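Subject: Structure handover

Hello,

Here is the structure for you to look at. My notes on what turned up follow below it.

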Amino acid sequence: MKNQPFLYSFLLGILISSSLCYGQNSGSQYKWDILFDGGNLDQWYTYLSKPHPNSEVQDMKKDKEGNYKEHIGLNKDPLNVFSVVEKDGEKVIRISGEVFGTLITKKEFENYHLSLEFKAGKKKYPPRENKKKIDSGILYHSVGPEGAWEEHWMRSFEYQVKEGSCGDFITIGKVLAEIPTVPTKPKRPQKYQKRADMRTFHHKAPYCRHGDEFEKPKEEWNTIDIYMHGDTSIHLVNGKVNLIAYNLRQIKDGKEIPLTKGKVQIQSEGGEIFYRNIKVSPIKGIPKELMP
């Protein structure tokens, strides 16, 4: 065929273009929606609860005991808890942790792959100033009023972002899920183990430990991936699965109903943390290689 070289070049161009437009190994057949890549926070809004008494916030009143009377609330950030800063030669999101609250996507998402990177900072604030580890979290399928649970969070499921606990699962509010687990030490949370007996997690028993440990050393960036399709979610750390939750649902009007979509919240919880390269893509299903 006379035009073989042209045909091969044309097909190669298509393949290269596809690999650039779509997330490799993401299980996604659609283009990434960039939520943050070093620009501004236009795709997010904020909610902050009551500051700690040690924090000085102008024009906010305290009671006789010295505690703040009101929450900071929506889209007000007098202490610059959420900001875009330069770190490691690029623009990243800095969450100071000084006030408990969340950075929240304006959009809801359903059947998607969420990917982002984090690095723990060093600064800590009351009431966690003496804690050894920085604490944060990714709250997905977030629904309902801001700050409804414990005055800080929307009803949701949490991917724990904490040194040594990255990928742990926590129910936030009246939500439920089934996870295969095995016991650990007495009075300690159950631990994920694929193909183990299922255990129900809910607001009275909210915490499940992840399985294998895949975190990098403290000073390095770690990659978080969360796949959500139907009523199933999968937690990955640096490309490796360490927890799968099934039958995600919520209690609404006294009935259990599926909870399969919602906004994404990123927590401010007493410690400095940095995030970058936040992106989401719709998926038609969870990649088979990730399932047990």
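Start with the charged network: Glu90, Glu117 and Arg276 are linked by salt bridges (a side-chain nitrogen of Lys or Arg within 4 Å of a carboxyl oxygen of Asp or Glu). This is a predicted model, so local features need pLDDT of at least 70 and side-chain atom pairs count only at pLDDT 80 or more, while totals for chains, interfaces and linings use all residues. Residues are numbered from 1 along each chain as its sequence is written, and side-chain values use heavy atoms, with hydrogens and water left out.

Salt bridges

The search of the whole structure gives 12 salt bridges. Strands here are DSSP runs (E, at least two residues), as helices are (H or I, at least four), and both are numbered from the N terminus. Glu117 is buried at 14% relative accessibility. Arg276 is buried too, at 13%. The cut-offs: buried is under 20% relative accessible area, exposed is over 50%, partly exposed is in between (1.4 Å probe, protein chains only).

Another salt bridge joins the side chains of Glu56 and Lys62, at 3.8 Å, N to O. Here Glu56 is exposed, with a relative accessible area of 60%. Lys62 is partly exposed at 30%.

Strand 4 and strand 5 (residues 90–95) pair in the antiparallel sense over six bridges; strands count as paired if DSSP finds at least two bridges between them. Glu90, in strand 5, is the bridge partner of Lys87.

Arg249

Where does Arg249 sit? It is found in strand 18 (residues 240–252). Arg249 counts as buried, at 9% relative accessibility. Its side chain meets that of Glu256 in a salt bridge of 2.7 Å, N to O. Glu256 itself is partly exposed, at 48%. The side chain of Arg249 also makes a polar contact with the side chain of Glu178, at 2.9 Å. A polar contact is a pair of N or O atoms within 3.5 Å; within protein, one must be able to donate a hydrogen and the other to accept it, and residues adjacent in sequence count only if both atoms are side-chain atoms. Leaving aside neighbours within four places in sequence, the contacts of Arg249 (heavy atoms within 4.5 Å) include Phe157, Val175, Thr200 and Leu259.

Backbone

Most residues other than glycine have a negative phi, and most peptide bonds are trans. Some places here are worth a look on that count. Asn75 has a positive phi of about 55° and is not a glycine. Asn75 is found in the loop between strand 3 (73–74) and strand 4 (82–87), and is exposed at 55% relative accessible area. Asn80 has a positive phi of about 55° as well. Asn80 is placed in the loop between strand 3 and strand 4, and is partly exposed at 45%.

Last, the cis peptide bond: Pro126 and Pro127 are joined by one, with omega about 5°. Pro127 lies in the loop between strand 8 (112–124) and strand 9 (135–143).

Best wishes
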